[in-house]
Amino acid sequence: MTGTEQVLDTPLTRLAGVRHPVVQTGMGWVAGPRLVTAVANAGGLGVLASATMTLDQLRTAIGEVKDRTDAPFGVNLRADAGDAGDRIDLLIKEGVKVASFALAPKRELIAKLKDAGLVVIPSVGARRHAEKVAGWGADAVLVQGGEGGGHTGAVATTLLLPQVVDAVDIPVIAAGGFFDGRGLAAALSYGAAGVAMGTRFLLTSDSSVPDAVKQVYLRTGETVVTRQVDGMPHRVLRSDLVDGLESSGRIGGLVRALRNGARFKKLSGMSWREMIADGKAMKHGKDLSWSQVLMAANTPMLLKAAMVDGRPDLGVMASGQVVGVIDDLPSCAELIGRIVAQAAERIAAQQGLLVR
């Protein structure tokens, strides 16, 4: 055991059975067996991203993680996926510890998972959503502020986090803007049970993202929130492609969506009907054009181009604002170790501020 183990005992570490209150988020094409295993072995909670996997690929990925570690890990699911029920059955069968959701799952899904002994952690971006899933029996909630990468809201973590902590009586995990021990100490001071990070774990030596793409992240450091990827606010690295999406008209957007849709159709084996149904399911009541519906369905291809194929010129790169203050590529063990050690030092130092 290292000197940083069991330093911070929180409701998250007890709930998930991990050593450290640090979560690696389920990033599509990034959070695969390699990264999740590295995080789990380092004492954090690694989460597989299943949205970009077929059911068979998810089964294989879970098996790979279980072969490489005995530590707890999680799987991130899309509650609106057509085969969500099959995926949940798979998690139960394989004994996965944590089921996380990018969107609030139905009450029935939460109950089924909890009855099987899984820990259920939905992600939310508003206090009312946290209150809803807490009322439905969620074990914890991950709340992401506007600084976070990928789909995000407009409220900063420093405002959203205390609202949610005050509103629910289950553990709250803070996401959006975290990258070091100072952030973890701050989150714990707000009343959170831990932090979740995406971009910081993407930029580690254990991440499977091509090295050339990691260097783009380290060099660029600027993000933008766009609706042109899939119709919903999406924080990504600023790039020529994103600028092009922002300036393209309706026809150009439809052509681009069809081209990417054809690539995703071939990769996933889905029919056009299934893709459109999938895209409409992601609308969530929003008024999207047909090109945006198609883009919502094949957004995984835009992410895959950069995260897997190493072609940032052809894809989008989801990123939190913290990318601007990251300048290294540590291993997950190094990263988590120094985050926990720094947080413990900061917490201990604050005791000296008390006047008795």
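## Where helix 4 meets helix 5

Ile88, Asp89 and Ile92 of helix 4 are in contact with Leu109, Lys112 and Leu113 of helix 5, contact being heavy atoms within 4.5 Å. By type, the residues of this contact comprise 4 nonpolar, no polar and 2 charged; Ala, Val, Leu, Ile, Met, Phe, Trp, Tyr, Cys and Pro count as nonpolar, Asp, Glu, Lys and Arg as charged, and the others, Gly among them, as polar. Helices (H or I, at least four residues) and strands (E, at least two) are DSSP runs, numbered from the N terminus.

Two packed helices are described by the angle between their axes and the distance between the axes. Here, helix 4 (residues 84-94) and helix 5 (residues 107-115) pack at about 15°, and their axes are 10 Å apart. Axes are lines fitted to C-alpha atoms, for helices over the stretch in contact, and angles run from 0 to 180 degrees between N-to-C directions. Helix 4 and helix 5 are therefore roughly parallel to each other, a label for angles under 35 degrees.

## About the model

This is a predicted model, in which local features need pLDDT of at least 70 and side-chain atom pairs count only at pLDDT 80 or more, while totals for chains, interfaces and linings use all residues. Residues are numbered from 1 along each chain as its sequence is written, and side-chain values use heavy atoms, with hydrogens and water left out.

## Lysine 114 in helix 5

Let's stay with helix 5, where lysine 114 is found. Lysine 114 has 35% relative accessibility and so counts as partly exposed; buried means under 20% relative accessible area, exposed over 50%, and partly exposed in between (1.4 Å probe, protein chains only).

Leaving aside residues up to four places away in sequence, lysine 114 touches Val120, Gly137 and Asp139.

## The barrel and its strands

Now for the sheet: 8 strands form a closed barrel in the order 1-2-3-4-5-6-8-9, with parallel pairing. Strands pair if DSSP finds at least two bridges between them. Strand 1 and strand 2 (residues 45-49) run parallel and are joined by 2 bridges, with valine 23 opposite leucine 45 of strand 2.

Helix 3 (residues 55-68) lies across strand 2 and strand 3 (73-77), at about 165° to strand 3.

## Tryptophan 29

Tryptophan 29 sits in the loop between strand 1 (22-24) and helix 2 (33-41). Although not a glycine, tryptophan 29 has a positive phi of about 70°. With a relative accessible area of 19%, tryptophan 29 is buried.

Definitions and conventions
Angles under 35 degrees count as roughly parallel, over 145 as roughly antiparallel, 65 to 115 as roughly perpendicular and the rest as oblique.
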